[in-house]
Amino acid sequence: MKVYNTLSRKKEEFVPLNEGKVKMYVCGPTVYNFIHIGNARPMIVFDTVRRYMEYKGYEVNFVSNFTDVDDKIIKKAVEEGVSAQEISQRYINECKKDMSDMNVKPATTHPLATQEIDGMLKMIGSLMEKGFAYAVEDGTVYFRTRKFEEYGKLSHKNLDDLQAGHRSIKVTGEDKEDSLDFVLWKPKKEGEPYWESPWCKGRPGWHIECSVMAKKYLGDEIDIHAGGEDLIFPHHENEIAQSEACNGKIFAKYWLHNGFLNIDNKKMSKSEGNFFTVREIGEKYDLQVLRFFMLSAHYRSPLNFSAELMDAASSGLERIHNAAENLRHLSKNTDLQSMADEERELWKGSDVFVEKFEKAMDDDFNTADAISAIFEYVKYCNTNVKQESSQELLDSLYQRMEQLCDVLGIILAKEEVLDEEIERLIAERQAARKEKNFARADEIRAILSDKGIVLEDTREGVKWKRV
Ligand code: AMP
Ligand code: ZN
């Protein structure tokens, strides 16, 4: 399997640090609002990378943080007159709901920056001891960038060019030794959340959070570190400097970065105001369509969002669903059990599509070609099955389709919900309503609706039906 490594700017053979295991860290969102579909791109593509690694038999330890302390969170909290924690917790919950609706698997661990302050104090302390960090009078701690000789190796930037760029932006009130130095710890401002530290009451810089969470949950050396390409510089460059200066080991072997999701060829972003939230898109389309659309391009290419492309994704997905439905239907109605000899040939003939799929995915996760392989497989199934096909052939073809789609996070059949499960949820909803916990009651209605169950409150009680 080959992966493109931003560090070497080449496709490299993937060799894990430990046989059969993959340690992977993906920078997660800052939680101060609903996530937009640009933020959803790294979630979907790196979830697909993880799924493919699992398909190949690797045990994947997947860590993705939530940045839950940040200027934007504090600003929102002030606007609403609530605590920063209330804001971050609210949007973590909303983000997890979006992830689940996009069929993004929960990470092995989702650490929160605010729960990891001790580790940050420790790493900053160690960097100070080693001469890689220093505190100034107001208690701000900076990383001494020039002391880390390999600084710039990820973004392929030259320190002197960087410095020249910095000189033109004179920041007043900063007393750092060098304009390239970046913040590890900063003093609190009035009304902001803060933690005690040897340098001042304050909070961590953004970059140190990821270095510490990766170290704690995955160790000093990891296989894959990933995120959107806007994170290459300075975030990931700074993470490398901190982690390698502190641990004395190569931090991550492979650095993977997704291209931007654009709108009218401009990066979708909160600050530009040119964004759609996942929630908004979910009102118009099944989020499986969004997922399929995202994977229709290579993860490193820019991708332009448009209604036409979403509609194309929707009809492509429908083609797959129809083929799957056909296999299920024929399987239910056939009288023949085992494969006949010529069916065995047919079954073997479908191996080639799996090979094509794997070849595409082995080539730096080329999901666009992998989807083409699935389409070819779908066509093969459609043309070769008939009413007289055996159940064994139909089920085998179906399972193979399911297996390939599962790598992409595409679900062929909604899970059947059992009547007891529905009754249990309805009872829980009634209890929540009694306690005036309407938020929970609404949530349960939404959970059931996702499963295709519609509730009707009548005089005789709650009635439900499948739609
Ligand atoms: P943020 O909350 O801005 O730190 O972003 C969380 C993740 O989303 C990071 O990996 C970003 O690189 C990624 N991201 C943000 N906007 C886009 C976009 N328009 N296209 C692709 N990735 C994005
Ligand atoms: Zn990060």
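In sequence, the donor residues of the zinc ion (ligand 2) follow the spacing C-x182-C-x24-H-x3-E. The model is a predicted one. The protein donors are Cys 27 through SG, Cys 210 through SG, His 235 through NE2 and Glu 239 through OE, and these lie 2.0 to 2.6 Å from the zinc ion (ligand 2). Cys 27 is placed in the loop between strand S3 (21-26) and H1, whereas His 235 belongs to helix H7 (residues 232-247), so this pair ties together parts that are 208 residues apart in sequence. Cys 27 and His 235 are both buried. The angles subtended by the four donor atoms around the zinc ion (ligand 2) run from 73 to 128°, which makes the arrangement irregular. Four donors count as tetrahedral if all angles lie between 85 and 135 degrees.

At least two lining residues of the second largest pocket come from each of helix H1 (37-55), strand S4 (59-64), helix H6 (206-218) and strand S9 (222-228). Among these elements, H1 gives the most, with eight residues. Divided by class, the lining of the second largest pocket contains 19 nonpolar, 15 polar and nine charged residues.

The volume of the largest cavity is about 50 Å³. Its lining is made up of Val 45, Thr 48, Val 49, Met 294, Leu 295, Ala 297, His 298, Tyr 299, Phe 365 and Thr 367. H1 and helix H9 (287-295) each contribute at least two residues to the lining of the largest cavity, and the largest share, three residues, is from H1. Seven residues of this lining are nonpolar and three are polar, with no charged residue.

The second largest cavity has a volume of about 40 Å³. Leu 346, Trp 347, Tyr 380, Cys 381, Asn 384, Val 385, Leu 393 and Leu 397 line the second largest cavity. Helix H11 (341-349), helix H13 (367-384) and helix H14 (391-407) each provide at least two of the lining residues. The largest share of the lining of the second largest cavity, three residues, is from H13. By class, the lining of the second largest cavity has seven nonpolar residues, one polar residue and no charged residue.

Strands of a sheet pair through backbone hydrogen bonds, in either a parallel or an antiparallel manner. Strand S1 (residues 2-5) and strand S2 (residues 10-13) run antiparallel and are joined by four bridges. Asn 5 has Lys 10 as its bridge partner in S2. The hairpin of S1 and S2 has four residues between the strands, and in this hairpin Arg 9 adopts a positive phi near 55°.

Strand S11 (residues 261-263) and S12 run antiparallel and are joined by two bridges. Ile 263 has Lys 266 as its bridge partner in S12.

Key. Residues are numbered from 1 along each chain as its sequence is written. Chains are lettered from A and ligands numbered from 1 in the order in which they are written. This is a predicted model: local features need pLDDT of at least 70, side-chain atom pairs count only at pLDDT 80 or more; totals for chains, interfaces and linings use all residues. Side-chain values use heavy atoms; hydrogens and water are left out. Ala, Val, Leu, Ile, Met, Phe, Trp, Tyr, Cys and Pro count as nonpolar, Asp, Glu, Lys and Arg as charged, and the others, Gly among them, as polar. Two strands pair if DSSP finds at least two bridges between them. Donors are N, O and S atoms within 2.8 Å of the metal (3.2 Å for Na, K and Ca); water is not among the atoms, so sites may look incomplete. Four donors count as tetrahedral if all angles lie between 85 and 135 degrees; four count as square planar and six as octahedral if opposite donors are over 155 degrees apart and all others between 65 and 115; anything else is irregular. Buried means under 20% relative accessible area, exposed over 50%, partly exposed in between (1.4 Å probe, protein chains only). On a 1 Å grid over the protein atoms alone, a cavity is a set of points where a 1.4 Å probe fits but cannot get out, and a pocket is an open set with protein on both sides within 12 Å along at least five of seven lines; lining residues have an atom within 4 Å of a point. Grid points are joined across faces, edges and corners, and a volume is the space filled by probe spheres set on the points.
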